[in-house]
Amino acid sequence: QVQLVESGGGMVQVGGSLRLSCAASGRTFSRYAMGWFRQAPGKEREFVASISRTGGYTYYADFVKGRFTVSSDNAKNTMFLQMNSLKPEDTAVYSCAAVLVYNDDELRIRDYEYDYWGPGTQVTVSS
């Protein structure tokens, strides 16, 4: 079992920045590929970014490329999402997820591929 808890959400103005954290406990963090997803009211959950278990590979949804950066610190069992140039359409509950993988370059971009989820943190971008 892996327990995930997000933090760092809040309210920010258009163009502002936030840094989300996802703290993991339980099993060896370095064995898991990680991802960020978000869900806005009335919309389906959508993929935001993913990172391989070593942190050496990342992948982003087109709508966040150049604005968001995913990273991880395996020594601290924590993944991060640096969000810059925030827009009102970025308003959503952001959740982190983890899945056990067996190769250093494995990434996952579909929510059903993930086994463990955090409760989420609200991000609100006001205009």
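How many salt bridges does the count come to, if a salt bridge is a side-chain nitrogen of Lys or Arg within 4 Å of a carboxyl oxygen of Asp or Glu? The count comes to seven salt bridges.

Before I go through some of them, a word on the ground rules. This is a predicted model, in which local features need pLDDT of at least 70 and side-chain atom pairs count only at pLDDT 80 or more, while totals for chains, interfaces and linings use all residues. Residues are numbered from 1 along each chain as its sequence is written, and side-chain values use heavy atoms, with hydrogens and water left out.

Let me take Asp 111 and Arg 45, which form a salt bridge with their closest N and O atoms 3.4 Å apart. This pair links distant parts of the chain, 66 residues apart, since Asp 111 sits in the loop between strand S9 (92-100) and strand S10 (116-117), and Arg 45 in the loop between strand S4 (32-39) and strand S5 (46-51). As for accessibility, buried means under 20% relative accessible area, exposed means over 50%, and partly exposed is in between, with a 1.4 Å probe and protein chains only. Asp 111, at 26% relative accessibility, counts as partly exposed, and Arg 45 is partly exposed as well, with a relative accessible area of 36%.

Arg 45 also lies over the face of Trp 117, at 3.9 Å from the ring centre; the rule here is that NZ of Lys or CZ of Arg must be within 6 Å of the ring centre and within 35 degrees of the ring normal. Arg 19 is placed over the face of Phe 80, again at 3.9 Å from the ring centre.

The next salt bridge joins Asp 104 to Arg 53, with the closest N and O atoms 2.7 Å apart. Here too distant parts of the chain are linked, 51 residues apart, with Asp 104 in the loop between S9 and S10 and Arg 53 in the loop between S5 and strand S6 (58-60). Asp 104 is partly exposed, having a relative accessible area of 40%, whereas Arg 53 is buried, with a value of 19%.

Then there is Arg 67 with Asp 90, a salt bridge whose closest N and O atoms are 2.7 Å apart. Arg 67 is in the loop between S6 and strand S7 (68-73), and Asp 90 in the loop between strand S8 (78-83) and S9, 23 residues apart. Both Arg 67 and Asp 90 are buried, and salt bridges that share partners join Arg 38, Glu 46, Arg 67 and Asp 90 into one network. For Asp 90 the relative accessible area is 0%. Contact means heavy atoms within 4.5 Å, and, leaving aside neighbours within four places in sequence, Asp 90 is in contact with Arg 38, Arg 67, Phe 68, Ser 85, Val 123 and Val 125.

Let me turn to strand S9. Which strands pair with S9 in the antiparallel sense, where pairing requires that DSSP finds at least two bridges? Strand S11 (residues 121-126) is joined to S9 by three bridges, with Val 123 as the bridge partner of Ala 92. S10 pairs with S9 over two bridges, and there Ala 97 stands opposite Trp 117.

S9 is mostly covered, as seven of its nine residues are buried. Ser 95 lies in this strand and is buried, with a relative accessible area of 10%; residues in contact with Ser 95 include Glu 6, Gly 35, Trp 36, Phe 37 and Trp 117.

Finally, the rings. Rings of Phe, Tyr and Trp (its six-membered ring) pair if their centres lie within 6.5 Å, and planes under 30 degrees apart count as stacked, over 60 as edge-to-face and the rest as tilted. The count comes to six aromatic pairs. One of them is Tyr 32 with Tyr 116, edge-to-face, 6.1 Å centre to centre and with 75° between the planes. Because Tyr 32 lies in strand S4 and Tyr 116 in strand S10, the pair ties together parts that are 84 residues apart in sequence. Tyr 32 and Tyr 116 are both buried. Elsewhere, Phe 37, Phe 47, Tyr 59, Tyr 114 and Trp 117 form one aromatic cluster.

Note on methods:
Helices (H or I, at least four residues) and strands (E, at least two) are DSSP runs, numbered from the N terminus. Two strands pair if DSSP finds at least two bridges between them.
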